[in-house]
Amino acid sequence: MQDYLDYIYPMVPIVHRPSFRNALSNDQDREDDGFLALTIAIAALVVATMASRFHEYQSDTRTLRFNSRKEFIHACYQKSMGLRTSSYFDQLSFQKFAVSYLFQASFLQLGDHNWSRILSVEAMQLARLLKLHQISDYNGLNCIETQLRKKGFWLMFYTFVHAHLQNLQGERLTYLDPALLHSINPEDLMPLDVDDELIFEHNVLAPSNNESCLVTGFIIHSRVFWAAIRDPVPNPTGGHCPCVRAKDSSIEIVHFNERLNCLRDLATRIPSGFQLWEPAHEQANEDVLDDGEKIAKSQFASIRANLHVTLIWLQSLILDQLEAAQSHCQHGSPATESPTIMDQRLIWVERENLCRQLFFILFNFPRVGIETNGLHLANKVRDIVASLIGCPFHPDDPLSKQASEYIKLSTDVLSRLDSSEGINTMHLQTWVDTDRVHR
């Protein structure tokens, strides 16, 4: 549990830290089945995300013996299911949503995509029933619960964007439909920019200084995900829905260019402490830091890595979609209004710039800051580098040579980053329809 608070919490802040610590030390809370299920799910996420910690747990004489992380996480899930009664879903709570979300995240981090898909549907259903997306239904909640539910909404929104941009098989259900998405004002659902220690049931204390905190990084990360799908400021006209864009490449091209510009603008407005190129004077000497300061520095490094790899990954995916839309527009029927076509060479210069930023993160950020992002980060790196394989220029062209170098470099990087216990199958069909199997 301490490893979760120290390492994973900045990316998955699904508990209120002071309340969680108190519950861990309270024997009565520890005997509660709901809280026990939550701690089991948290343990699963820590082990799924940080392979190095599992090896340390195995060497502890007090721990149960599991041969692999997969065996441990499935044992956690079975234990959690055993705590559910026949009336489990008759009363809902954020804690029950958290358990479902944590297990779907655990299986995803492990690389067990079939289990993750199914459990994500349960998490979506609980999030919809709790109306995490509807600010008007937050009335009556105390300050702690309000902050938790806002964070829960954005954690689910991240999965929604992943499904929206990566649903190659067309098999994933999504958290929000276009009508719901257009009805949401993202600023209404942004959590308060204060640490948990300042939030109590009936009041929130003002921070003693203006420095950024962990929630600041979470908020920036949430705005980045929103910008990949929609404008940050609600558009009175609503814009064009996906079905309209799919029928008109010119509208699609305008949409993708707007999304890229929005993401670039966000990247230029990231506050100090979360910027990609951290100023030298902010890189404190590890020798003069106490344990608490080292943990805090590690947490900020984890958030920075998560934030900037996400920014790079989203821009890369949108460039893929922009190239496809431009190709369709140029080779299809003439559009009623010709969009501005981005030169293909400029697109690949942009790809090279994104890769340069990516490898700066991978080689210069602290190891623990990379590891705490788990398989999510490895999958994003794989997506970004895979887009370089289709470089359209002559092999002797400088852009082609640079793309080849990045692809070679990524082979070694991914061998260290990918901690899954099986072959990566995210974009493949990994299930078998037994009714179609001929005996």
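Predicted model: local features only at pLDDT ≥ 70, side-chain atom pairs only at ≥ 80, totals over all residues.
## Overall make-up

The chain has 439 residues, and 50% of them are buried. Its secondary structure consists of 18 helices and zero strands. Of the contacts between residues at least 6 apart in sequence, 77% join residues at least 24 apart.

## The nonpolar core

In soluble globular proteins, nonpolar side chains tend to be buried together. Here the largest nonpolar core contains 131 residues. Tyr-4, Ile-14, Phe-97, Phe-103 and Phe-157 have the most contacts inside this core. Helix α14, residues 291-331, gives the most to the core, with 14 residues.

Apart from neighbours within four places in sequence, Phe-157 is in contact with Tyr-175, Leu-176, Leu-181, Phe-225 and Trp-226. Phe-157 also belongs to a cluster linked by ring pairs, together with Phe-153, Trp-154, Phe-160, Tyr-175 and Trp-226.

Helix α5 covers residues 51-59, and its residues Ala-51, Arg-53 and Phe-54 are buried. These residues lie on the same side of α5 because they cover an arc of only 150 degrees around the axis. The elements that cover them include α1 (2-8), α4 (33-49), α6 (69-82) and α16 (367-371).

The face of α5 turned away from the buried side carries His-55 and Ser-59, which are exposed.

## Aromatic pairs

The structure holds 27 aromatic pairs. One of them is the tilted pair of Phe-94 and Phe-97, with 5.4 Å from centre to centre and 50 degrees between the planes. Phe-94 and Phe-97 are three residues apart in helix α7 (residues 94-110), so about one helical turn separates them. Phe-94 is buried, with a relative accessible area of 5%, and Phe-97 is buried at 0%.

Tyr-158 and Phe-218 form another tilted pair, with 6.0 Å between the centres and 55 degrees between the planes. Tyr-158 lies in helix α9 (residues 143-166) and Phe-218 in helix α11 (residues 214-227), so this pair ties together parts that are 60 residues apart in sequence. Tyr-158 has a relative accessible area of 8% and counts as buried; Phe-218 is buried too, at 4%.

## Charges over rings

Lys-96 lies over the face of Tyr-88, at 4.3 Å from the ring centre. Arg-351 places its charged end over the ring of Trp-348, 5.0 Å from the centre of that ring.

Note on methods. Residues numbered from 1 in each chain as written. Heavy atoms only, no water. Core = buried A, V, L, I, M, F, W, Y, C linked by side-chain atoms within 4.5 Å. Buried < 20%, exposed > 50% of the residue type's maximum accessible area, 1.4 Å probe, protein only. Helix = DSSP H or I, 4+ residues; strand = E, 2+ residues; numbered from the N terminus. Contact = heavy atoms within 4.5 Å. Arc of directions from axis to C-beta. Phe/Tyr/Trp six-rings, centres within 6.5 Å; stacked < 30°, edge-to-face > 60°. Lys NZ or Arg CZ within 6 Å of the ring centre and 35° of its normal.
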